[in-house]
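Keep the sequence open beside the coordinates.

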Amino acid sequence: MTIKPLCLPCVIIFCLLALTPALAETDKDAEITRLRQELEEVKAQYAASMKTMEERLSALEEKTTRNEEKTDAVKKVVDKTEKLASGFEFGGYLRSGFGVNSQGGVMEPFQAPGAGAKYRLGNEAEVYGELVLAKNWLNFDDLDGPFFRTQVRMSFSNSYYNSETDGTADVFAIREAYAEMGNFDWSPGVKFWVGQRFYRRKHIYINDYYWLDMSGFGGGVEDIPVWSLGKLALAYLGGSTDRYRFKNIGYVSKNTIDIRLYDVNVPLGKGMFWLSGSLVKGGTYTDSNDITRGYPDANGFGAGFSHSRDDFLGLTDGYQEISVQYGRGTSADFTTNVQDPTQGLADAWNFQVTASGLAQITEQFAVMPVFIFEHRDNGASWRSETMWISGGLRPIWHFNKHFAVSLEGGLDWVASEPYNAYGTLYKISLAPELTISEDIMGRPVLRAFATYAGWTDGLKRHVGGSAFRNCLDGASFGLQMEAWW
């Protein structure tokens, strides 16, 4: 049998087929080795990246901690600074401007003789202001504990017809200088005070009338809770004047005790009841004509009630207050002022009713009404009685946030025996205003005004000063600013 030789291609193909498994196995090992190397490289890179990230995170956390510590420190300083700054208060009131009368001279106010006030819009012929400085003594470790506060109020005034540019006509006065403290753990919420102060005054804005003003020197305690009835205030108040200096006694002293129960829930609102008693020790004094005269010992009492609510007649936003009060003797004027002496001073009396408020009809329109009735007797032996009836309105239209028009009309009827004046004064003022807001009581405001007043023959020579002495009407025009803060 003869073996035929294989052809060369066949041999080559056979060899390749025989070697293929071995080559394939070799390539697989190489691929695994390469992948393992790459995996180790990735793991090394990942480890390095993680270390870097951990280092950066640690640094960031440390920086954040430092920033938080700084922020906390700054916040503590800011809080303490704000508390310290809040311990100081600055407030005040100011009105200023100038006006002329229709005769060409400086304006003078139109006020009825015997009337306790005048309608003020376009009818104030002076610069007047008050500056208030107060200090709150704060305990930073116990801000909810006792408080301690001092306050000083200074006033200044200058009439338009006495406005010397060198300031010699300016009148400066200290109106308040007192300290108060309270909220002790044995008397939570109760306040004590001593000094000179405006004491719980009651005010009607549109004719700037204080129907109860016990401002003076003294001391007292306020906000004493009286079960569920309300709160109680007790005060001793003094007044004096250098017009009456008595032999062996010194200057006259009026001593007043004031008692008030307030924040009392009554039908349709809140009530305030007050009672006062006063005493003046008299003596002999020498008047400006070097004549020796007597000032009798005198005393008196006053009592009253006021009703208030935080809307107007329950119909609109605003407020309202009605008061009724009676005073006799040295308390007949509802103040701490020293009255001029008469033999009948102890017989002086005063009966008064007031009603005032604010009716916010719409957001742009509001009205402030007022009514006053007063019948008083100064205790003199003759020509001693005065009756005063007053009524008025001040509507205000806000055309937009910063422009408004005020219109104020008022009527005063007086029958005054001491002035020998009997009749009616009516006054109307128109005042376009630039305003800070649409709030009727928002201040400051800048206004121009035109005022007209007329009066009956029984008030002739009593109204309008020298410019209108022999007239039955008059007018004035001017500019005014008013602000409080």
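The second largest pocket has a volume of about 170 Å³. This is a predicted model, where local features need pLDDT of at least 70, side-chain atom pairs count only at pLDDT 80 or more, and totals for chains, interfaces and linings use all residues. Residues are numbered from 1 along each chain as its sequence is written, and side-chain values use heavy atoms, with hydrogens and water left out.

A pocket here is an open set of points on a 1 Å grid over the protein atoms alone, with protein on both sides within 12 Å along at least five of seven lines; lining residues have an atom within 4 Å of a point. Its volume is the space filled by probe spheres set on the points, which are joined across faces, edges and corners.

Which residues line the second largest pocket? They are Arg200, Arg201, Lys202, Arg260, Tyr262, Asp263, Lys270, Gly271, Met272, Ser306, Ser308 and Glu321. Seven are charged, three polar and two nonpolar. In this count Asp, Glu, Lys and Arg are charged; Ala, Val, Leu, Ile, Met, Phe, Trp, Tyr, Cys and Pro are nonpolar; the others, Gly among them, are polar. β12, β13 (269–280) and β16 (298–312) each supply at least two lining residues. Strands are DSSP runs (E, at least two residues), numbered from the N terminus.

Next, the surface. Leu234, Tyr236, Ile257, Ile259 and Leu275 form a nonpolar patch with about 410 Å² of accessible area together. β9 (230–239) and β12 (254–266) each give two or more residues to the patch. Patch residues have over 30% relative accessible area and no salt bridge, and nonpolar side chains are joined within 5 Å. A salt bridge puts a side-chain nitrogen of Lys or Arg within 4 Å of a carboxyl oxygen of Asp or Glu. Areas come from the Shrake-Rupley method with a 1.4 Å probe. Ile259 lies in β12. Ile259 is partly exposed, at 33% relative accessible area; buried means under 20%, exposed over 50%, partly exposed in between.

Now the backbone. Most residues other than glycine have a negative phi, and most peptide bonds are trans. Trp227 has a positive phi, near 45°. Trp227 sits in the loop between β8 (216–226) and β9 and is exposed, at 79%. Asn420 also has a positive phi, near 50°. Asn420 lies in the loop between β21 (403–416) and β22 and is partly exposed, at 48%. A cis peptide bond joins Arg443 and Pro444, with omega about 15°. Pro444 is in the loop between β22 (421–435) and β23 (445–455).

Conventions. Patches are made of residues with over 30% relative accessible area and no salt bridge: like charges are joined within 9 Å, nonpolar side chains (Val, Leu, Ile, Met, Phe, Trp, Tyr) within 5 Å. Helices (H or I, at least four residues) and strands (E, at least two) are DSSP runs, numbered from the N terminus. Buried means under 20% relative accessible area, exposed over 50%, partly exposed in between (1.4 Å probe, protein chains only). On a 1 Å grid over the protein atoms alone, a cavity is a set of points where a 1.4 Å probe fits but cannot get out, and a pocket is an open set with protein on both sides within 12 Å along at least five of seven lines; lining residues have an atom within 4 Å of a point.
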